[in-house]
Amino acid sequence: MTIQEMREKIRRTKDNIKPEIVHCMDSNKHEMVVSVREQLYSGIDGRGAPLSPSYSQDPYFREKRAGFFDEDADHWVSCFMRPDLYIAWKMRITPPEASQRLGLPARSSDQPNLFIVGTFHSSIDAKATAQGVEIFTFGWDEGPAVERKYGSQIFGLSESAVGHFNENFLWPWLRHWYLSV
């Protein structure tokens, strides 16, 4: 390759790398959604911070409301209950465990994971934007209320998720792309 050809390749790379990164992110947006779900199951948001409020701090448990039928316990449970009872129930249905993809530690028992039967997690989706990918809740009426309660950062990618994406998707994509420029 001549110096002129190398200059031209560098110019083409400089002019096209941002759109190529956006293309990679759009093509792999499902991987980002999977990472967000894993973060939430681990009890953290996109900043890597614990989801807040924790069960023991949640004002929800101080509000009187109707109950629900706990099929596992085979009895009616009041939603106006102590957080420790809710924590025990959550430990049965979604026990904390370390994440496989992102290597996140298991959440504490007091830490929400926004998962009961998976409705909210299933409502998380992504779409391409000019800047990359936007992650959001879609198709479940209560999804926006969950986002308001826990903040929009629940849809962000933590440092672990960004590292996982870069290593497994972006860098291989860019290597392949660069060789073809």
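In which helix is Ser35 found? Ser35 lies in helix H2, where helices (H or I, at least four residues) and strands (E, at least two) are DSSP runs numbered from the N terminus. The structure is a predicted model, in which local features need pLDDT of at least 70 and side-chain atom pairs count only at pLDDT 80 or more, while totals for chains, interfaces and linings use all residues. Residues are numbered from 1 along each chain as its sequence is written, and side-chain values use heavy atoms, with hydrogens and water left out.

**Overall architecture**

- The protein contains six helices and four strands, and along the sequence they follow the pattern α-α-β-β-α-α-β-β-α-α.
- The radius of gyration is 21 Å, whereas a compact globule of 181 residues would have a value near 16 Å; the radius is taken over C-alpha atoms, and the globule rule is 2.2 Å times the number of residues to the power 0.38.
- Along the principal axes, the C-alpha atoms fill a box of roughly 75 × 30 × 25 Å.
- Of the 181 residues, 38% count as buried (under 20% relative accessible area, with exposed over 50% and partly exposed in between; 1.4 Å probe, protein chains only).
- Among contacts (heavy atoms within 4.5 Å) with a separation of 6 or more, 61% are between residues 24 or more positions apart.

**Nonpolar cores**

- A nonpolar core is a set of buried Ala, Val, Leu, Ile, Met, Phe, Trp, Tyr and Cys residues joined through side-chain atoms within 4.5 Å.
- The largest such core has 22 residues, of which Leu40, Leu114, Phe120, Ile124, Ile135 and Ile154 touch the most other members.
- At least two residues of this core come from each of H1 (3-27), H2 (29-41), S3 (124-129), S4 (132-137), H5 (143-150) and H6 (159-180).
- H6 supplies the largest share of this core, five residues.
- A second, separate core of five residues includes Phe61, Tyr86, Ile87 and Trp89.

**The S3–S4 pair**

- S3 and S4 run antiparallel and are joined by six bridges; two strands pair if DSSP finds at least two bridges between them.
- Ala126 has Ile135 of S4 as its bridge partner.
- Beyond its neighbours within four places in sequence, Ile135 is in contact with Met32, Val36, Ile124, Asp125, Ala126, Phe155 and Leu157.
- S4 is largely enclosed by the rest of the structure, because five of its six residues are buried.

**Helix H6**

- The 22 residues of H6 should span 32 Å at 1.5 Å a residue, which agrees with the 30 Å between its end C-alpha atoms; the expected span is 1.5 Å times one less than the number of residues.
- H6 bends by about 45° at Asn166, the bend being the angle between axes fitted to the seven residues ending there and the seven starting there.
- The buried residues of H6 include Ala161, His164, Phe165, Asn166 and Phe169, and their cover includes H1 and H2.

- Ser35 counts as buried because its relative accessibility is 3%.
- Not counting residues up to four places away in sequence, Ser35 touches Arg101, Leu102, Leu157, Ala161 and His164.
- Asn28 is placed in the loop between H1 and H2 and, at 14% relative accessibility, also counts as buried.
- With neighbours within four places in sequence left aside, Asn28 is in contact with Phe165, Phe169 and Trp173.
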